[in-house]
Amino acid sequence: MTPTNSAAPAVIENDTDDDDDSNIYARVPLEFIPRLNAYVVYFYLFDERFGAIIDTGSPFITVPSYCRSTTNRKNKKDARLLWGCYRPERTRNSGLSNTIEIYVNNQGTVVWRKADFSFSTNKKKTKEVIFGVLGEDLMN
């Protein structure tokens, strides 16, 4: 697959009332990144832009626990522009305990936090979500 942009519906939240169900879906653009051979979606947590690889086997929103400036030598793009910068002071306690997760043979702690989430900068369309903060041991 080589398209550069695509769109797919994403469920925003469960809808249990009897009104029109058209408001529970959002169209979000996906970007295909050839060097990753993966689709990426962009979103906002606590007004900070993040990117994430679409993983159909995972129901979680996760972000790296650090904010590191690394430059891709080939195109000189700062990695912070793609993946975002976690800012713990702008998040809230989720009430959930930390968990141990295994991703691609790496095992480490995930800290579960709360923050406002959106697919756009429109503050009227934010929802509070719980997301996982991955330690460096899970990002290698």
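I started with Glu48. Leaving aside neighbours within four places in sequence, I find Glu48 in contact (heavy atoms within 4.5 Å) with Phe43, Gly84, Cys85, Arg87 and Arg90. The model is predicted: local features need pLDDT of at least 70, side-chain atom pairs count only at pLDDT 80 or more, and totals for chains, interfaces and linings use all residues. Residues are numbered from 1 along each chain as its sequence is written, and side-chain values use heavy atoms, with hydrogens and water left out.

I placed Glu48 in strand 4, residues 48-53. Strands are DSSP runs of E, at least two residues, and helices are runs of H or I, at least four, numbered from the N terminus. Glu48 counts as buried because its relative accessibility is 15%. The cut-offs are under 20% for buried, over 50% for exposed and partly exposed in between, with a 1.4 Å probe and protein chains only.

Next I checked Arg87. Arg87 sits in the loop between helix 1 (79-83) and strand 6 (92-93). Arg87 is partly exposed, at 29% relative accessibility. I noted 8.6 Å between the C-alpha atoms of Arg87 and Glu48, which are 39 residues apart along the chain.

Last, the rings. I found 8 aromatic pairs in the structure. Phe60 and Trp112 have ring centres 5.2 Å apart and planes at 55°, so I logged the pair as tilted. Rings of Phe, Tyr and Trp (its six-membered ring) pair with centres within 6.5 Å; planes under 30 degrees apart are stacked, over 60 edge-to-face, the rest tilted. Trp112 is buried at 10% relative accessibility, while Phe60 is partly exposed at 43%.
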